[in-house]
Each structure stands twice: as structure tokens, then as C-alpha cells.
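Reader: I'd like to learn how to read a few features in a model like this one. Could you walk me through them?

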Amino acid sequence: MTAPQRWRRPAVTVAATLTALTFGATVASAGQDRPAPGADGAGDSYYPQDGNGGYDVSDYDLKVAYAPDSRQLTGLQTVNARATQSLSSFNLDLRGLTVDSVKVNGLPAQFSRTGDHELVITPRNSLARGLRFSAEIAYHGVPEAIPGAIGEDGSNGWQHTRSGGAFAAGQPQSAMTWYPANETPRDKARFRLAVTVPDEWKAISNGREAGTFKTAGGTTHVWSEDTPAAPYMTTLAIDKWTLNKRQRADGTPIVSAYAPGIPDTTKQADARLPEILDFLESKFGKYPASAAGGIYLNEQIPYSLETMSRPIYSGGAGDIGTIVHENAHQWYGDSVAVDKWKDICLNECFASYATWQWEQAKDGVDLDARYFDEIAANGEKFWAGKLYDMGPGNEFTDVYFKGPVMLHALSKYVGQEAFDRVLKTWPALHRDGNVNMQEFQRYVEEVSHKDLQGFFDAWIYRNGKPAPEYLYPGDLKPVPVVASPAKGASVRPGAAVSGTAAPGQRVSVTVDGAAVAETGASKDGAWRTTLPVNLAPGQHTLTAASAGQKRQSAPVPFTLTPAGESALHTEQTFVPEARAGANTVLTVSFAAPKGMPVSTTAEQRFVAPTGFRFTGLATHVADTGGPGRDLRTRIEDDGRILVVLDPIQLNLPGSPRAPTTAPCR
Ligand SMILES: [Zn+2]
């Protein structure tokens with residue numbers, strides 16, 4: 001409704017002054033405008049024929065009678081509006097149905113039907129710019145839905161239920177299937193509905209109950225929504241409802257309607273609506289509507305919808321997550337509506353993220369873990385999805401899945417405090433207004449003091465997987481993946497431990513819960529370190545984590561086996577000297593890296609120094625001293641080669657240590 005621009009800036013006093021100035025100018029120039037037809041579309045890039053130009057609706061005052069048996073709807077619509085240009089004619093949107101008569105300012109007006117849904121009204125007198133006028137349209141017929149909403153069988157607008165009732169729900173179009181409207185989110189208006197149905201039926205709509213009374217044709221139910229609503233946010237649902245009436249703590253009336261046969265779980269979920277609204281209010285600021293509730297169909301449709309103040313739910317979709325989502329839209333989508341449908345992420349990304357926030361607060365869900373689960377579970381198709389200007393027909397897809405992931409990344413990129421402040425203040429700044437993505441970007445930049453062009457390009461304006469700086473902002477680091485050792489592998493001391501993480505990420509490795517190494521991932525995300533050499537042989541469990549964070553990789557059990565012969569360093573400690581024919585001792589020492597357990601059964605072969613031949617047994621002496629023990633040996637090649645047959649063990653429990661001595665002469 002009234003100039004949505006007015007709410008785009010926080011400086012309300014300045015905006016008010018501008019409004020007054022504009023009004024003054026309007027009066028002065030009104031007479032100079034040449035009356036012309038109002039545009040037949042509101043200029044949306046996806047749905048150019050939706051909505052109309054040249055006026056701004058302030059109120060719809062709609063009276064309908066509906067006969068479930070014949071599906072016949074009879075309506076009398078009064079549209080109160082203000083001309084924003086001098087109008088020789090103007091359009092409303094109405095699809096199907098028969099128009100019986102039109103009056104403008106009480107005088108009969110000419111009308112015609114053109115295109116898919118244009119009702120062209122030519123008043124007897126042209127309407128000067130700035131003039132308030134009312135148009136009264138009498139019509140009747142059997143309303144029909146617009147096929148082709150979300151899902152193959154989906155429809156938008158007036159739909160019938162198996163119970164014989166009916167309801168209106170749809171996005172981006174719905175109202176035009178059952179009443180003449182300016183069907184654009186840019187023109188919000190108050191909505192008052194008096195609906196007459198046979199006595200055995202009940203009718204529920206948006207806003208507050210404004211009376212129920214007996215009339216000739218049945219019972220008339222009056223509902224009044226004072227919070228300006230886009231036409232598609234209005235609804236009427238007719239069934240044999242059970243109404244559940246409550247109040248919020250501040251007195252806001254809550255009326256929910258349960259269709260016959262809906263499951264108890266739906267009613268139990270709806271019972272938490274006051275708690276849900278309190279929670280959302282704590283995140284998004286004051287609840288923007290004057291009433292609340294839910295309309296719970298017992299009819300499968302492929303969506304639930306954030307109809308103003310009282311969302312409408314598909315049968316079986318009355319679960320907590322959906323209720324949180326649709327009510328979050330009261331702030332993000334309804335009170336603050338999109339400027340163009342290409343901005344739909346400003347509705348759906350936020351409503352979808354609200355369920356994340358709810359689950360974090362109420363169920364203790366770790367959102368960082370959820371973020372990485374989403375990234376791990378999704379591939380190319382996910383990243384190909386667009387969150388902005390996704391094309392007509394694609395608005396209601398990726399925003400639900402990629403949207404909350406993007407917002408979680410944004411919260412880390414700008415910091416939690418700035419993010420929370422944005423979420424809480426944005427709805428109040430734009431209450432009853434329309435917004436676009438560029439405005440949102442500027443506002444987050446203003447609050448966070450950060451240039452966000454790179455982030456918005458990476459996540460919103462373009463598709464494809466964002467660069468690591470946007471995918472892993474702040475402390476939002478993935479749990480490193482351990483590639484080696486493999487689960488259950490047998491490895492040697494000092495073996496390589498490697499895997500992948502975010503580029504540049506610090507990775508800490510623990511074995512049996514104790515930190516053993518920290519390393520950094522390379523530019524392509526590869527990281528590598530080694531197991532400590534002094535790890536005891538046997539079973540161990542290894543995990544990796546982002547340095548300083550609790551979330552661990554899946555545990556990798558492995559068996560440490562002592563190192564083998566190749567880990568040994570063998571050295572002849574001095575050159576023996578002896579007279580010809582005399583004996584001497586050749587001392588050879590075995591060493592392993594400090595603390596590394598080594599066990600080898602390989603035979604150790606020694607060649608006698610030139611001029612010497614081995615003559616006797618080798619003795620094994622630990623470097624801690626103590627008596628040596630004989631080793632099993634074999635002499636080959638006439639004493640030129642000594643083969644030690646006993647296994648060599650170092651740094652193992654009970655193992656003696658080098659050096660080994662071998663007599664020779
Ligand atoms: Zn939604």
C-alpha cells in the first residue's frame with residue numbers, strides 16, 4: 001500500500017517530510033497531467049502482467065457468498081485506492097469469473113476483460129493524480145485455480161477440498177482467482193472480508209474475527225486484516241473447522257482452524273505457536289501482525305503458505321518446522337515483502353534459516369555441524385542453484401536449501417553480533433514495505449562495517465561453489481577428513497597422517513584423545529603430518545579436528561606395529577686392529593630414531609673387514625650395560641660373512657639394546 005519507498009530508510013522523520021512535500025507537489029500539478037490508461041502490469045521482470053500501474057490500493061472490502069454444493073462464488077469487491085497518475089482507465093487482475101457490474105466513486109463504469117486476467121475499468125470521469133477513489137465490482141462464477149504451482153500437481157489460487165470445502169492459497173498469484181485485486185507484492189492493502197456460507201460450514205481468513213451473524217443465505221463470518229497485505233497473502237478457507245482460540249501474552253488473538261480428520265500431532269504442534277512466536281520475536285523483533293494462528297487443511301497440496309497472520313498448511317505439513325517457517329515469513333515475506341520475485345531469497349532464505357535457529361535453540365542442534373553436513377551431502381546441483389534472479393518458475397527451489405546454508409555462512413562472515421542485529425532490525429526498518437537484495441546487502445555492510453560484495457557475489461548473485469574464504473568464514477571450518485591411515489590399517493611408528501581440510505586451515509591430530517600433532521592445510525586443502533615415533537605398538541584411535549574446535553573427524557582405529565629393519569641404523573663403531581693371527585672384537589651398533597619401537601626378524605648380515613674373518617659367536621649387549629647374551633649366528637663364506645639369526649628389537653618392552661659385538665680375527 002502507501003508508497004513502500006517510505007519505509008526503506010531508517011530516518012522516518014525525513015521520510016515523513018518527503019511525503020508531505022510530494023503531496024504538495026501533487027496538488028499543484030494534478031491539473032496538468034493528461035489522463036492516460038494505467039499500466040496493465042506492475043513491472044515485475046518475471047510476471048510482467050501481474051499487478052497494475054497508476055494507483056495504490058489502501059483497502060479491499062470484500063463480500064462473498066460461497067455455495068460448496070455448486071462451487072458458486074458471488075462477490076462484491078470494493079477497492080479503495082489513490083491514483084498515482086491521472087487515469088483515463090485502470091486495470092485490476094481477475095482470472096475467470098463473470099463481472100456483472102463496475103462502479104467507480106458510485107458511478108457506473110465501463111469495463112472489459114483482456115489478456116489472461118486483466119479487468120480494464122474506464123470510469124465515467126478520469127481520475128486525477130492523487131485522487132482517492134473507490135471501485136466496486138460485482139462478479140460471480142466458479143473460481144478455478146491456476147495450474148502449475150510448485151510440484152507437478154500444484155495449483156495456485158482457489159482450490160477445492162475432498163470435504164467439499166474450498167480454500168485460496170498461492171504464490172505468486174492467488175487472489176486474482178477469487179477477487180479483483182492489484183496482484184503484486186508491491187501494493188499491500190488492508191483486507192476486510194465478509195463471507196457467507198451455509199450454516200454447517202465455517203469460514204476463516206486473515207486477521208481478527210470481526211463478527212459472525214446469521215443472514216438469509218446462511219452464516220456470515222467477518223474477518224479483518226489491518227496489517228497491510230499483498231493480495232497473495234490473503235486467504236479464505238471454508239470447511240467444517242474446529243477453531244482453537246487463544247491469546248499471546250500481550251493479548252494478540254490467536255485463532256487456529258483444524259480441518260476434520262487432521263492428526264493430533266498437528267494440533268500438538270500448533271499448541272506451541274505462542275512459544276514459536278515468542279522465539280521468533282526474540283530473533284526478528286516485534287511481531288508485525290495484529291493476529292495469529294494457522295489454517296490446517298486435511299488436503300495434500302505441495303506447499304504451505306505464509307498467508308498474513310494465519311498461515312495455511314497442507315495436510316500433514318502441520319509440523320513444528322513448517323510452523324516456524326511460515327510464521328517467520330510474517331516478518332520476512334509478509335510485513336517486509338519482496339520488491340520483485342527475483343528477490344525471493346529475502347523471504348525464503350530467512351524463513352528456512354529460522355527453522356535452523358529454532359532447532360539450535362530448542363533441540364541443541366549444532367548449526368556448524370549442520371552446515372558442513374549440508375555441504376558434504378550436496379554436490380553440483382546444489383551449487384548450481386541460484387539465490388537471486390533464478391528465473392520465473394525457479395523461485396521456490398534452491399532458496400529453501402542453499403538459502404539457510406548461505407545465511408549461516410553470512411553469520412560467520414560478518415560475525416554473530418552484527419548478524420543478529422541485522423536480523424532483528426531489518427523487519428522494523430522496512431515494516432509494511434518492499435525490499436530488494438541490493439538494499440539488504442547495503443544494510444548488512446552498514447551494520448557490520450564490511451564490504452560484502454565478494455560474499456554476495458559468491459553466494460547470492462552468482463552460482464557455483466563459493467571460494468574458500470566465503471565457504472569457510474570465521475571459525476566456520478570443516479572437520480578435517482583423515483585419508484591416511486585408513487581405518488583398521490597397520491602402520492609403523494612415524495607413519496604419515498594425511499587428509500583434507502579447508503585451504504590454510506589449522507588441523508590438530510589426536511591419538512587416544514591426546515594431541516600429538518598440529519599442521520596447516522595447503523592452498524588446495526591437503527594436510528600431512530606424522531605419527532609420533534614413540535607410540536607404543538598396539539591398538540590406537542586417531543581423530544583430526546580444526547585446531548581449537550571440538551568437532552572431531554570420525555575416529556580412525558589403527559594398529560601400530562613396530563618398525564622393521566629399514567628403521568635400523570647400523571654402524572661399525574671403530575676399525576679393529578690386530579696382529580696377524582690374533583683375535584679382536586668387531587663392535588657394531590644398531591640404533592633407531594629416539595623411542596621408535598623396532599622389531600625385525602630379518603637376518604642381519606655383516607661382512608668382515610678386509611683381512612679379517614669371523615671366528616666366533618656374536619654377543620648382544622644392551623647400551624644400558626649388563627651382561628651380554630649370545631646370539632644365534634651362522635658364519636658363511638669361510639668367515640667373511642656373519643649372519644645374526646636372532647631377531648633385533650629396540651624400544652620394545654623387554655628388548656635389549658645395541659651394541660652387538662662379534663668376535664673376529
Ligand atoms: Zn517459505
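This is a predicted model: local features need pLDDT of at least 70, side-chain atom pairs count only at pLDDT 80 or more; totals for chains, interfaces and linings use all residues.

Reader: Which residues coordinate the zinc ion?

Author: Residues are numbered from 1 along each chain as its sequence is written, and side-chain values use heavy atoms, leaving out hydrogens and water. Donors are N, O and S atoms within 2.8 Å of the metal (3.2 Å for Na, K and Ca); water is not among the atoms, so sites may look incomplete. Here the zinc ion is coordinated by H325 through NE2, H329 through NE2 and E348 through OE, at 1.9 to 2.0 Å. Their spacing in sequence is H-x3-H-x18-E.

Reader: Are H325 and H329 buried or exposed?

Author: Both H325 and H329 are buried (under 20% relative accessible area; exposed is over 50%, partly exposed in between, with a 1.4 Å probe and protein chains only).

Reader: What links C345 and C349?

Author: A disulfide is a covalent bond between the sulfur atoms of two cysteines; the rule used is a pair of cysteine sulfur atoms within 2.5 Å. C345 and C349 form one, with their sulfur atoms 2.1 Å apart. The link of C345 and C349 is left-handed, with -120 degrees about the S-S bond.

Reader: How accessible are C345 and C349?

Author: C345 is buried, at 0% relative accessible area, and C349 is buried at 0% too.
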